[in-house]
Amino acid sequence: MYLLNIISFFLLLFNSNELAHESYTSIAEVNFSKERSMIEISIEITAHDISYLFEKEKKGVLKPIFNDGKEHFSNELLKPYINNHFKIFHQNKLIILDFLGNEINLDGELMIYMEAKMKKSIQSVEIINDLLITSFPNQQNIVNLKGTINSSHTFNKYESKYFFK
């Protein structure tokens, strides 16, 4: 019995990364600004979760960089992943999102900033959001839309695409 307890202890110890937290959530705020003719996007993701995904899926080493007193990840590594897993379509056409940058907050949350120009007021969009789902099956990605579209939806491993109107 003593040996079983020791083995259990070490299994828990070595799997501590898996047990770091049980909820996996990202929050995307998408603002359709009619006044600025822009789509403004911010996405909040737990920084160590995306680092773990990069390591697990062999996408490169995503380590924090310090610049001008701020912490962030390499845009060169992060941008392709975000562009492949967060997409907005209008009338079945992909809206090209300009990746503005990212920062890691003091609480360990990664903030990603993007934008796109709107040629005209947008009343409906389709969004694909499967950020982190491959590494975290319990991942939930909340998307809040405001401006010309006011709506919210939670994406998960069963539903990674949603049409907002």
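At what angle do helix 2 and helix 3 pack, and how far apart are their axes? Hello everyone, let me answer that. Helix 2, residues 47-56, packs against helix 3, residues 75-85, at an angle of about 90°, and their axes are 12 Å apart. So helix 2 is roughly perpendicular to helix 3, a label for angles of 65 to 115 degrees. The axes are lines fitted to C-alpha atoms, for helices over the stretch in contact, with angles from 0 to 180 degrees between N-to-C directions.

A word on where this comes from: it is a predicted model, where local features need pLDDT of at least 70, side-chain atom pairs count only at pLDDT 80 or more, and totals for chains, interfaces and linings use all residues. Residues are numbered from 1 along each chain as its sequence is written, and side-chain values use heavy atoms, with hydrogens and water left out. Helices (H or I, at least four residues) and strands (E, at least two) are DSSP runs, numbered from the N terminus.

Who meets whom between the helices? Ile 50, Leu 53 and Phe 54 of helix 2 meet Leu 77, Leu 78, Tyr 81 and Ile 82 of helix 3, where contact means heavy atoms within 4.5 Å. By class, that contact has seven nonpolar residues, no polar and no charged ones.

Four strands form an open sheet in the order 6-5-9-12, with antiparallel pairing; strands pair if DSSP finds at least two bridges between them. Strand 6 and strand 12 (161-164) stand at the edges with a single partner strand each, so one side of each has no neighbour in the sheet. Further in, strand 5 (residues 86-90) is joined to strand 9 (residues 125-129) by four bridges, and Lys 87 has Ile 128 as its bridge partner in strand 9. Helix 3 comes back here: this helix packs on the sheet, touching strand 5 and strand 9, and its direction makes about 45° with that of strand 5.

Elsewhere, strand 7 (residues 98-104) pairs with strand 8 in the antiparallel sense over six bridges. Ile 104 stands opposite Leu 110 in strand 8. The two strands form a hairpin with four residues between them, and Gly 108 in the turn has a positive phi of about 85°.

How values were computed. Angles under 35 degrees count as roughly parallel, over 145 as roughly antiparallel, 65 to 115 as roughly perpendicular and the rest as oblique. Ala, Val, Leu, Ile, Met, Phe, Trp, Tyr, Cys and Pro count as nonpolar, Asp, Glu, Lys and Arg as charged, and the others, Gly among them, as polar.
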